[in-house]
Amino acid sequence: MVSTPNAPRTPDAPHTPGAALTCSALSFQWPDGTTVFDRLSLSMGRGRIGLVGSNGAGKTTLLNLMAGRLKPSAGSVTVSGNLAHLPQNITLDTALRVDQALGIAERRDAVRAVEAGDVREEHFETIGEDWDVEERALAMLGSLGLGGIELDRTVGQISGGETVLLRLAALLLERPDVLLLDEPTNNLDLFARRRLYEAVDSWRSGVLVVVSHDLELLERVDRIAELRAGAVNWYGGGWSAYQEALATGQEAAGRMLRAAEADVRRQKRELEETHVKLARRQRHSKKMDAQRRAPRIVAGERKRSAQESGDKLRGLQEERLSEARERRDEAADAIRDDAEIRVSLPGTAVPGGRTVLTLREVRPRYGTLREGTLDVHGPERIALVGRNGSGKTTLLRTLTGELAPLSGEAKTFVPLRFLPQRLDVLDVELSVAANVRRLAPGVTDNHIRGQLARFLFKGARAEQLAGTLSGGERFRAALAAMMLAAPAPQLLMLDEPTNSLDVASVRQLTGALMSYEGALLIASHDLPFLESIGITRWLVLGEELQEVSEDEVREMLEAAV
């Protein structure tokens, strides 16, 4: 049940002073019976909140429950004020005009009609107090970097990244008290991300909840809500403060685990010593009874008394050992399993002087590039950045040979593998191991399984069907299939690899790429990720391929904003 006590406001109505969002004993199950939440309760007040958690923890499900897009199995969601929701996958009718997508077309038409002399009452009712709707809309578009988009233009004439910002502009124009953003920087270029960061920085209206793997965005929130094992834990500050708190907590948890393990060992020793002591006592008692020739009834009574005393002592020691084991298990549960991918792929190494690829006056079929020339030698790590629509994916597919250029020539001189955004390199009806085996003919099953274990697919997990994997697991399986392929890839090309990955999965990807010894060409808008993998060259894609420094990339971003 989703309850919204306050009806939607007109655009100029004041924000609800006590804007809040509350989940009370919220439960949710998927149709197959999988439980996501069981009596989850939390309250979110004014401010910017980053909702984080591993892939599959239920972040998007929780936002959809809050927005009323999903119905809880039990419990309720209560929203104080007006709620707006930006989902991950934005789809807008390409035939819509921009003012229609913004939700202001009727008010805009009514204002124009009145200005033209049509004073019918229905126009005034449509306008309400929103006489400057067109000016506000243009100002909002300008603040998000969409100042060049006219209101009469159609949605089909703008890029995917601009569509995301256009939908955000529509939500912000309604001045919501509660705003939910689900991975808003996915598919946004570096310039558009900066605009979105500014929008988050300037949020003062009520409750803002953002789900994201974008660390720069998460640094801008006031609090972190971590969704873990169906419960929410709160941390003050942005991403860095959250990481520091986790590190402190894990250090304390490690100390507790070591102490608990030491206690278990001590209790086991004491129990063993008790068994030895009781056995000695029993032998001594038998010997003394034999020497004293005690009557059978007396010897029996002594034996029963000693046995009762021994059983009581053993029971006490066993109870202490059981309690110590419970404390150890509780301490172990507090230790996070942040397994990282560490692989050794010597076959991927490229000698320093080896030519990896060349582009000669290439003009791809799509995008802005008019004539691109490039030489890559040795194990270079190259970042390909550029605005949405500039043709980064098209250029990568041209290099693979999938798309022929309109003119010019693209050549690769080493084995290459390409990991696209859609991860369609996996056969969903095959297991993880079978997918790798398909791309690595002749490689022994034992070798494949050994390497998959390093990609965190151990034992039976390697036999899981690719179609049943979570988002993060699916990416890991696709990455393993690419990197373990035969012949070993000496050029690895990735297209927006961190889109929709949780932070732990990004860290695992970083670990895998740091182990890789070949050349890398990565199209990405994720600057922190690119910095973490040791990029050696930065290419900006426009009408030409321009090589710049990392500092120049940041300067370009600042200038654009």
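## Sheet and packed helix

Strand E11 (residues 355-363) pairs with E14 in the antiparallel sense over 5 bridges, where strands are DSSP runs (E, at least two residues) and helices likewise (H or I, at least four), numbered from the N terminus, and two strands pair if DSSP finds at least two bridges between them. In E14, Glu409 is the bridge partner of Arg360. Helix H11 (residues 392-400) packs on the sheet and touches E11 and E14, its direction making about 120 degrees with that of E11; contact means heavy atoms within 4.5 Å, and axes are lines fitted to C-alpha atoms, for helices over the stretch in contact, with angles from 0 to 180 degrees between N-to-C directions.

## Basis of the model

This is a predicted model, in which local features need pLDDT of at least 70 and side-chain atom pairs count only at pLDDT 80 or more, while totals for chains, interfaces and linings use all residues. Residues are numbered from 1 along each chain as its sequence is written, and side-chain values use heavy atoms, leaving out hydrogens and water.

## Lys59

Lys59 lies in helix H1 (residues 59-67) and is buried, with a relative accessible area of 11%, buried being under 20% (1.4 Å probe, protein chains only). Leaving aside neighbours within four places in sequence, the contacts of Lys59 are Leu51, Val52, Gly53, Ser54, Val211 and Leu227.

## Lining helices

Helix H7 (190-201) and helix H16 (527-532) each supply at least two residues of the lining of the largest cavity, and H7 gives the most, with 4 residues.

Methods
Buried < 20%, exposed > 50% of the residue type's maximum accessible area, 1.4 Å probe, protein only.
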